[in-house]
Amino acid sequence: MMKHKKLLQLNKEQEEILLDKLRTYMSNELDIDIGNLPAKFLLDFMVDLVGPKIYDQAISDAEPWLYDRFTGILEDLSALKKD
């Protein structure tokens with residue numbers, strides 16, 4: 001079975017920072033101390049759960065900006081025509 005590439009790839013440093021923040025949050029807010037492996041499983045689950053939604057929202061948010069930008073570029077190109 002071929003494993004698909006994850007939508008969001010974290011480098012080791014980013015992952016460690018997020019895991020530290022997750023463990024701190026769990027401890028401070030919920031009074032639960034979780035180890036590295038449970039924190040990693042929870043982080044992976046959350047990334048898989050909300051990652052695609054955040055990605056899609058970012059694409060949707062970028063569309064109007066890109067439309068305006070490319071429209072401006074096309075207008076600039078049209079103005080350069082010699083005929």
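Colleague: Is Lys-12 buried or exposed in this model?

Modeller: The model is a predicted one. Exposed means over 50% relative accessible area. Lys-12 has a relative accessible area of 57%, so Lys-12 counts as exposed.

Colleague: Is Glu-15 buried or exposed?

Modeller: The limit for a buried residue is under 20% relative accessible area. Glu-15 has a value of 11%, and therefore Glu-15 is buried.

Colleague: Which helices does the salt bridge between Glu-15 and Lys-40 tie together?

Modeller: The side chains of Glu-15 and Lys-40 meet at 3.1 Å, N to O. The two residues are 25 apart in sequence, so their pairing links separate parts of the chain. Glu-15 belongs to one helix and Lys-40 to another, namely helix H1 and helix H2.

Colleague: Which residues do salt bridges with shared partners join into one network?

Modeller: Lys-40, partly exposed at 26% relative accessibility, also forms a salt bridge with Asp-44, with the closest N and O atoms 3.0 Å apart. Lys-40 and Asp-44 are four residues apart in helix H2, about one helical turn. Through shared partners, the network consists of Lys-12, Glu-15, Lys-40 and Asp-44.

Colleague: How many salt bridges does a search of the whole structure find?

Modeller: The search of the whole structure gives a total of four.

Colleague: Which residues make up the largest nonpolar core?

Modeller: In soluble globular proteins, nonpolar side chains tend to be buried together. Here the largest nonpolar core has six residues, with helix H1 (12–30) and helix H2 (36–79) each supplying at least two. The members are Leu-19, Leu-22, Met-26, Ala-39, Leu-43 and Val-47.

Colleague: Which residues does Met-26 touch, not counting those up to four places away in sequence?

Modeller: Met-26 is one of the residues of the largest nonpolar core. Leaving out residues up to four places away in sequence, Met-26 touches Asp-31, Ile-32, Ile-34 and Leu-42.

How values were computed: Residues are numbered from 1 along each chain as its sequence is written. This is a predicted model: local features need pLDDT of at least 70, side-chain atom pairs count only at pLDDT 80 or more; totals for chains, interfaces and linings use all residues. Side-chain values use heavy atoms; hydrogens and water are left out. A nonpolar core is a set of buried Ala, Val, Leu, Ile, Met, Phe, Trp, Tyr and Cys residues joined through side-chain atoms within 4.5 Å. Buried means under 20% relative accessible area, exposed over 50%, partly exposed in between (1.4 Å probe, protein chains only). Contact means heavy atoms within 4.5 Å.
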